[in-house]
Amino acid sequence: MGEFKVHRVRFFDYMPSAIRAMAFNSRTERLALSRADGALEVFNFADSYFQEKVIPGQDGRAVEALCWVRGRLFSAGLNGEITEYDLENLRPKYTMEAYGGPVWTICSNSQGTHLAIGCEDGTVKIFEVLEETIRFQRNLDRQKGRIISLSWHPSGALIAAGMMDMIKVFNAESGHATHRLLVERGVGASKSREVVVWSVAFLSDHTIISGDSAGKVQVWDGVTGTLVRTHLVTKWDVLALSVSRDESSLLAGTSEGTVVQFQFISSTVDQHDKEWVRTRTFKNHTHDVRALAHTDTAVVSGGMDTQLVVRPLLEKVEKNTQESALRKIAFPHVMLAPCMVNGCRISDTNAKLLFFYIICHLTCLCLFCTTCANVSVSGDDHICCSALSPCGGWLAYSTISSVRLYRLQYNGSNISITKVAKLPKVLRSAHQLCFSSDSSKLFASTTHSSVIIIALSQSECKYLHTLRPKSGTRQPVHLMSASEDGKWLATANSDCEIHVYSLHKLKLHCTVPVYSSCPTAMAIHPTTSNLVMVHADQQIFEYSLVQKEYTEWSRKLQKQGLHHLWLARDTPITHLTFNPRNPAHIIMHDTYMFCIIDQNLPLPDQKTLFYNQMTLRSLPEPERTSHSHSFKICKTFQHLLCVSLLEDHSLVVVERPLLDIASQLPAPVRQKKFAT
């Protein structure tokens, strides 16, 4: 297998943003979450919890609440706006002013016909959901204080609203309040301290459950308006509630970082008179748990410590399986340091450039020296994709509103960046960007998985052609790979389609047979023209672009099956490449593991010692061959973001320093302060 000299880059100090809200669509098994920087992410829980879509944030846009209406996603924020998102083009579809000040909460009725929002001015506003937009319908009776939380009764006839010191129950048709439920301040609390009802849940049997800033989860009779039971779960705030679909289980998230589960069970032997009983406490967060989702099989939580935690309920899944494993998703399922330029020549000077981006700026760094250049994004939009050309002379990035292209020059002491002033008008925005191997073309994926080709030269940038798939898909491209010989371009979208185009004929060459799991990484082999793909469920395929069929190695791999320890990994492969000195080597990595697959060695069977590098090292050289298999794995890295192979056969490994998020956050916020 050989050894590599490794250069470890650890100054890429990427810090994820806090999770503010989440909403789970049980019909499609999609989880949407929002972060403090305004970004939205959509995870496919049916496909190994893969992060299939990201809508970049925007300065000044903070999403306070999310809501699914069938397959449509809505948000509300303290900027006083309601937004619906275009999940095909990964951008806001439209934004509507609520005219009630900051909006604290949004929810829909179970029929999916209306939205309710809670506003700073004390109004609950009802909007009708139309085919392409929403339309204001009416206000419910205005209250003196802000509306913090809302929940529709499953019938759609009543709405519970959490406020300061109370809960109001409204008739959704008449708009009048039918009940006022006064919330206690708690034992020993100051009379001047208001109690904030952070979350409410309205159940089908007319039970109302509330969580408040006094640390209580309270159960109310919504028919009589009386308090049934109080559970003191924390000294601080109960920030979020979530109820299971069958209304037999309730989750409460606290500012201590705990999630408390309640179950509707009988506390007596005769199984009569069921009540809400506290059964379990989960501690998977260091700071406030701001958002919760209760799926059929798991507790999903997120908050200030930025991690999305999926904790399976062991009574709902088969034990000792992949489904029963705890998952913590801390990093995006894409490369944040996407390019290494290997011995590129810029202004007749050899240089090795590392390129990465964070939200609003890009950085180009010359390795083994101190030269660095930064590009700040103009406007309020955040970066959605970027690329550096193989020659190191071009840099491109896109937001949801525009594409920017720059010329780079390196003179040995500094990197100069010059903006290309005039771009073809057809190039308005892109989901993915990629340069050809000779840096003469820029590929930009746009709507409906189409790809725009731009010819680059010193004098001008010209539009050449648009490549379109024949499938009629409307989903965005999330992966794009160009071959080194300049013949092929492969794209993958969230419909699990992989299209390969001939760049000589400028038309679709073939479509890889659709596999049920979304591709997470792919690359075209520089000598064989085989396309290697890795999917969210960890399956690996190799497809011959010349023969338009799976290779013999790929068929053998699928027939024998991958090792169970490989399939048990819970982080997706985010990048793969090849070893130019050994065509049989496929190099890939996820966030915690670096792997070289040697196609000349036998595949490991289920009884083989899979992680065998230490064992091989202890054996004499003649005995190693008999114990070797094709998967060579190194797990000594922390938060691996990018791996690139240099011309001298050394590896540059970009790592995020050990992620101690708790030390970088303020102390848990005990008493919330409102933005007005």
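Predicted model: local features only at pLDDT ≥ 70, side-chain atom pairs only at ≥ 80, totals over all residues.
View 1. Residues are numbered from 1 along each chain as its sequence is written, and side-chain values use heavy atoms, with hydrogens and water left out. Searching the whole structure gives 0 disulfides (a disulfide is a pair of cysteine sulfur atoms within 2.5 Å).

**View 2. Ser439 and Lys548, two loop residues with positive phi.** Ser439 has a phi near 65°, a positive value in a residue other than glycine. You will find Ser439 in the loop between strand 38 (432–435) and strand 39 (441–445); strands are DSSP runs of E, at least two residues long, numbered from the N terminus. Ser439 is buried, with a relative accessible area of 6%. For Lys548, phi is near 60°, again positive in a residue other than glycine. The loop holding Lys548 runs between strand 48 (540–544) and strand 49 (549–550). Lys548 is partly exposed, at 44% relative accessibility.

**View 3. An aromatic cluster formed by Tyr515, Phe541, Tyr543 and Tyr550.** The structure has 11 aromatic pairs, counting rings of Phe, Tyr and Trp (its six-membered ring) whose centres lie within 6.5 Å; planes under 30 degrees apart are stacked, over 60 edge-to-face, and the rest tilted. Phe541 and Tyr550 make a tilted pair, 5.6 Å centre to centre with 40° between the planes. Phe541 is buried, its relative accessible area being 8%. Tyr543 pairs edge-to-face with Tyr550, because their planes stand at 85°, with the ring centres 5.4 Å apart. Tyr543 and Tyr550 are both buried.

**View 4. Two arginines over tryptophan rings.** A charge sits over a ring if NZ of Lys or CZ of Arg is within 6 Å of the ring centre and within 35 degrees of the ring normal. Arg407 lies over the face of Trp394, 4.4 Å from the ring centre.

Conventions:
Helix = DSSP H or I, 4+ residues; strand = E, 2+ residues; numbered from the N terminus. Buried < 20%, exposed > 50% of the residue type's maximum accessible area, 1.4 Å probe, protein only.
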